[in-house]
Amino acid sequence: MEKIVEQALLYDFYGELLTDHQKHIYEDFVLNDLSLSEIAEEQGISRQGVHDLIKRCNKILADYEEKLHLVDKFIRTKENINRINQLAKEFESTKQTEKINEIQKISNQILEEF
């Protein structure tokens, strides 16, 4: 997964667990695409301080994902739902019963994950 997309997803799921200061700087860097220097000037801190905070936030968010796996579950669920939609369209045109069995199997997998 592309690094920026991964950072955005981790922030979407776990960002509320960061402090307000961490959230603001992380949002500026990841979501608003500001440079370290721009953020440092805006916040009145050093560029190195911004870099260290971003690095620390990345570690915090990655640690949450390592323990909770919410992003991973979200991605797998999204893939399964896309597969169900694809199978439903195929079934509509072919009327194949094995497609129904596969749809049921994937649906059960999704339900087991929740």
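Is glutamate 16 buried or exposed? In this predicted model, glutamate 16 counts as exposed, because its relative accessibility is 66% and the exposed class begins over 50%.

Salt bridges were examined next. The structure holds 5 of these contacts. One of them joins the side chains of glutamate 16 and lysine 23, with an N to O distance of 3.3 Å. The lysine of this pair has another setting: lysine 23 has a relative accessibility of 13% and therefore counts as buried, the limit for that class being under 20%.

Lysine 23 also meets the side chain of aspartate 20 in a salt bridge, at 3.4 Å from N to O. Both residues lie in helix α2, which covers residues 20–31; because lysine 23 and aspartate 20 are 3 residues apart there, about one helical turn separates them. Aspartate 20 is exposed, its relative accessible area being 60%. Through these contacts, Glu16, Asp20 and Lys23 are linked in a network of salt bridges.

Lysine 59 counts as exposed at 52% relative accessibility, since the exposed class lies over 50%. Aspartate 63, with a relative accessible area of 27%, is partly exposed, because this value falls between the limits of 20% and 50%.

Conventions:
Residues are numbered from 1 along each chain as its sequence is written. This is a predicted model: local features need pLDDT of at least 70, side-chain atom pairs count only at pLDDT 80 or more; totals for chains, interfaces and linings use all residues. Side-chain values use heavy atoms; hydrogens and water are left out. A salt bridge is a side-chain nitrogen of Lys or Arg within 4 Å of a carboxyl oxygen of Asp or Glu. Buried means under 20% relative accessible area, exposed over 50%, partly exposed in between (1.4 Å probe, protein chains only). Helices (H or I, at least four residues) and strands (E, at least two) are DSSP runs, numbered from the N terminus.
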